[in-house]
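Reader: I am new to this and would like a close look at one part. Could you take me slowly through the salt bridges?

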Protein chains: 2
Amino acid sequence: MLDFNEIKAGDGSLTSRVYAVLERDILDGVYPDGTSLTESRISSELNVSRTPVREALFRLEQEGLVSIVHNKGAVVRGVSSDDIRDIYTLRMQIEGLASRWAAERGTPEQLQKMREILELERFYAQKGDVQQSRNLDSVFHAALYEASGSSPLRRTLSAYHSYIGRARERSFGHGDRPLVSVSEHERILDAVCAHDGDLAEALTREHIKNALESFLAAMEAIS
Amino acid sequence: MLDFNEIKAGDGSLTSRVYAVLERDILDGVYPDGTSLTESRISSELNVSRTPVREALFRLEQEGLVSIVHNKGAVVRGVSSDDIRDIYTLRMQIEGLASRWAAERGTPEQLQKMREILELERFYAQKGDVQQSRNLDSVFHAALYEASGSSPLRRTLSAYHSYIGRARERSFGHGDRPLVSVSEHERILDAVCAHDGDLAEALTREHIKNALESFLAAMEAIS
DNA sequence: TGGGATTGGATTGTATACAATCATACAATT
DNA sequence: AATTGTATGATTGTATACAATCCAATCCCA
């Protein structure tokens, strides 16, 4: 919580770093649901002024992780497992579109990049490196969004990704999900490269459905 | 552009009002795509300090209407008609889910509220009041999102709504869209109240598809 | 003439000071 | 005793001052 200087987010601004710290701490449960985040406390804990803290809180509100009410401040809005279930269902609908559009609109360079990511992904999955597998899973999906050529779709799905980040972490190590996931990615990419939008969409829906079931299984294992 | 004091957004904070002014001006084309929004100019134009302007710009970035790069500032990212087309397609996918979930999870109070909104909507549509019809169209959809009981879904669809706001305005007056739209709403709500998720979803997809075609027709009429 | 440093103005990033608002406790009144 | 009013401390909202950065024009020197 106090390793503020280790976090070097995106553009290097204090706002981004404060944002990254708060996002991580909220998703990690350091600040449970309902916790009120007072600006002065955070700013003194992180040794920055209130200004970047305020701006970070604004971004967190847009992300949906806190809710801010005028003259009252920010309170944490935890990520419920119902939310996560809903997001997986939403992703089933629109991530299929991403694959379809990638098949229809993706440039050769974009598809090539996905192929390279996928090769790395398989390498780490077979090596059993869960951490790297999970990272590359995210990278692959991000590349897919990019290849869809639709900024509204990219924005929506990217927002979901960070929102359900911790849930993905927990469920990704469950069973042999990394290897299965890579295989599914390969079939999706093959369909995309063959410009078969229907197949790509169907495979992707199946992929997300499997990820959801993996998540539910991981939840089950905890309780 | 200078009627700042007339705009009274949500919570009455300066940040909200600046946000509302800038959003309106961007969507109205006062600031075309690529315009760089300098904080000091806006703050002096609106007679506020840079602080609320900065915060408003942050919100606009999350909304997707501007993009901010570190140490360089904010530039307008216009809403292309490709973006709008994509959003309608996305809505076809997930707004159907909203109806399905409303049918499955909606409380009697929520459905009752939708019914009341719809009666008003029909009243104004038959009266030929396009302005009010369009407002109530928004209100109806917002009530639908609420009844879905899913905050991720509500957040996503609400964001789309403001993003394509101007496009909806332009296309809503096209032909007899208000009356047709009310009829479609009525059939959707009937299905929701009958807890027929499948039908509600199908009707909603059709409804969005028709709205998209109305938009495309309106675009055609302009060019 | 061309290319690379430099310097000045403009703009953003951060800190801090001040004003407005809210929440709590306590006192006064009925 | 309940309620209303009021004072006080804490917290947020806004303004402003200062630091860091960027950009473009200029200058210098080969």
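Author: Let's begin with R134(B), which counts as buried at 13% relative accessibility; buried means under 20% relative accessible area, exposed means over 50%, and partly exposed lies in between, using a 1.4 Å probe and protein chains only. This is a predicted model, in which local features need pLDDT of at least 70 and side-chain atom pairs count only at pLDDT 80 or more, while totals for chains, interfaces and linings use all residues. Residues are numbered from 1 along each chain as its sequence is written, chains are lettered from A and ligands numbered from 1 in the order in which they are written, and side-chain values use heavy atoms, leaving out hydrogens and water.

The partner of R134(B) is E169(B), and their side chains meet in a salt bridge at 4.0 Å, N to O. A salt bridge here is a side-chain nitrogen of Lys or Arg within 4 Å of a carboxyl oxygen of Asp or Glu. Because R134(B) belongs to helix 6 (residues 130-148) of chain B and E169(B) to helix 8 (residues 165-172) of chain B, the pair ties together parts 35 residues apart in sequence. Helices are DSSP runs of H or I with at least four residues, numbered from the N terminus.

Now look at a pair within a single helix. D82(B) and R85(B) form a salt bridge with their closest N and O atoms 2.8 Å apart. The two residues sit three apart in helix 4 (residues 81-105) of chain B, so about one helical turn separates them. D82(B) is partly exposed at 44%, and R85(B) is partly exposed at 31%.

In chain A, R122(A) and E186(A) meet in a salt bridge at 2.6 Å, N to O. This pair links distant parts of the chain, 64 residues apart: R122(A) is in helix 5 (residues 108-127) and E186(A) in helix 9 (residues 177-193). R122(A) has a relative accessible area of 22%, which makes it partly exposed, and E186(A) is partly exposed at 22% too.

Another bridge in chain A joins D28(A) and R166(A), whose closest N and O atoms are 2.6 Å apart. An automatic or database assignment sets domain bounds, and for chain A it gives domain 1 (4-76) and domain 2 (81-222). Helix 1 (residues 14-28) gives the most to the side of domain 1 that touches domain 2, with four residues.

How much area do the two domains of chain A bury between them? They bury about 490 Å², 47% of it on carbon and sulfur atoms; buried area is the accessible area (1.4 Å probe) that two parts lose on being put together, summed over both. D28(A) matters to this count as well: together with L27(A) and E63(A), D28(A) supplies 70% of the area that domain 1 buries against domain 2, more than any other three residues.

Finally, salt bridges can share residues. E39(A), R50(A), R54(A) and E55(B) are linked in a network of them. Over all chains, the count comes to 39 salt bridges.
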